[in-house]
Amino acid sequence: MPLMARTPANPIAIEHETFGEPTAPPVLLIMGLGGQLIHWDEAFCRLVAERGRYVIRFDNRDVGLSTKLDDLPAPDTRQAVLARLEGRSLSAPYTLDDMADDAVRLLDWLGIGKAHVVGTSMGGMIAQCMAIRHPTRLLSLTSIMADAGEPGVPSPDAMIAFEPPATERETYVTQILKTLRGLCGPRFPLEEPGARQVALSAFTRGVHPAGFARQLAAIMVSGSRKEALRSVPVPTLVIHGDADPLVPLAGGVETAQAIPNAKLHIIQGMGHELPPGAWPDIIEAIGRHTEGTV
């Protein structure tokens, strides 16, 4: 699949891939902080496509093979997190709303009027922003392990997730495996050989510390979506693990309570992760949620 065109009116080019038949109901997958399209595992995407869906995965701006915005400043990640936790003001080069608009422009590029939108972690926050800003472009919303932007404190062990990625390959892989171990829940231990291979592939495709910092600042500066979510008319599913150390379950519950008629699906023993052991549950939930919505 070619890179989305970059034009004067749209300076962000988005790398993307698709699975399934273009005539099937589209499902747009949005990844989290620093994540690339390959972090939506290809086998996961194919399983969703086998349920009769047209699956689209993509690199957010500032990561992977999409446009890097290196003409913009890169905030200090530690200071950004501290400012948010302490309630201090913070500036950022762009916001989650801007990233949501990127996703809508990708749908435009693909000629898709409406899509089922599924986001995980920061991707879930971006998906929520899409539902707030562009509700007519969504067939449904699925928000996975994301909150509504209310201030919250992750567990100390999960704070490693906010460390910018290393720039040396083996150091990066070691860092990622350590982070993933800290984010796993008790029911789904990390499958290290597969995780290591994905980390190596991600490093080769385009790890970008400055982009990671700008994405993190976008999360921190975007603020609460709680009140805006009360007006979302889109059928919504919220999926969350009850052992999430980074975005505690309370954040998912609050999101589901804010959106009218949202369904909450809790996965026992799952942390801040998309482990293969939970795929059947997650895919079945998404499949049921996206059935019959046209």
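**View 1. The largest nonpolar core of the predicted model.** This core holds 38 residues. L28, I30, L96 and M130 have the most contacts inside it. A nonpolar core here is a set of buried Ala, Val, Leu, Ile, Met, Phe, Trp, Tyr and Cys residues joined through side-chain atoms within 4.5 Å. Buried means under 20% relative accessible area, exposed over 50%, and partly exposed in between (1.4 Å probe, protein chains only). Strand 2 (26-30), strand 3, helix 3, strand 4 (115-120), helix 4, strand 5 and helix 7 each give two or more residues to this core. Helices (H or I, at least four residues) and strands (E, at least two) are DSSP runs, numbered from the N terminus. The model is predicted: local features need pLDDT of at least 70, side-chain atom pairs count only at pLDDT 80 or more, and totals for chains, interfaces and linings use all residues. Residues are numbered from 1 along each chain as its sequence is written, and side-chain values use heavy atoms, with hydrogens and water left out.

**View 2. The surroundings of L96.** Leaving aside residues up to four places away in sequence, L96 touches M122, M125, I126, C129, A218, I219, S222 and R225. Contact means heavy atoms within 4.5 Å. C129, one of these partners, is buried at 3% relative accessible area.

**View 3. The R214–D62 salt bridge.** The two side chains meet at 2.7 Å, N to O. R214 lies in helix 7 (residues 209-222) and D62 in the loop between strand 3 and helix 2 (77-86), so the pair ties together parts that are 152 residues apart in sequence. Both ends are buried: R214 has a relative accessible area of 1%, and D62 has 0%. A salt bridge is a side-chain nitrogen of Lys or Arg within 4 Å of a carboxyl oxygen of Asp or Glu. By this rule the model has 19 salt bridges.

View 4. E291 sits in the segment after helix 10 (279-290), and R51 in the loop between helix 1 (42-49) and strand 3 (54-58). The two are 240 residues apart. E291 is partly exposed at 47% relative accessibility. R51 is also partly exposed, at 29%.

**View 5. The R137–D108 salt bridge.** The closest N and O atoms are 2.8 Å apart. R137 is in the loop between helix 4 (122-133) and strand 5 (138-144), while D108 is in helix 3 (residues 96-110). The pair links parts of the chain 29 residues apart. R137 is buried at 16% relative accessibility, whereas D108 is partly exposed at 43%.

**View 6. Helix 6 and its cover.** Helix 6 (residues 192-206) has 15 residues. Its expected span, 1.5 Å times one less than its number of residues, is 21 Å, and its end C-alpha atoms are 21 Å apart, which agrees. A195, A199, L200, A202, R205 and G206 are buried in this helix. Helix 5 (169-183) is included in what covers them.

**View 7. C184 without a disulfide.** The nearest cysteine sulfur to C184 is that of C45, 19 Å away. A disulfide is a pair of cysteine sulfur atoms within 2.5 Å. By this rule the count is 0 disulfides.
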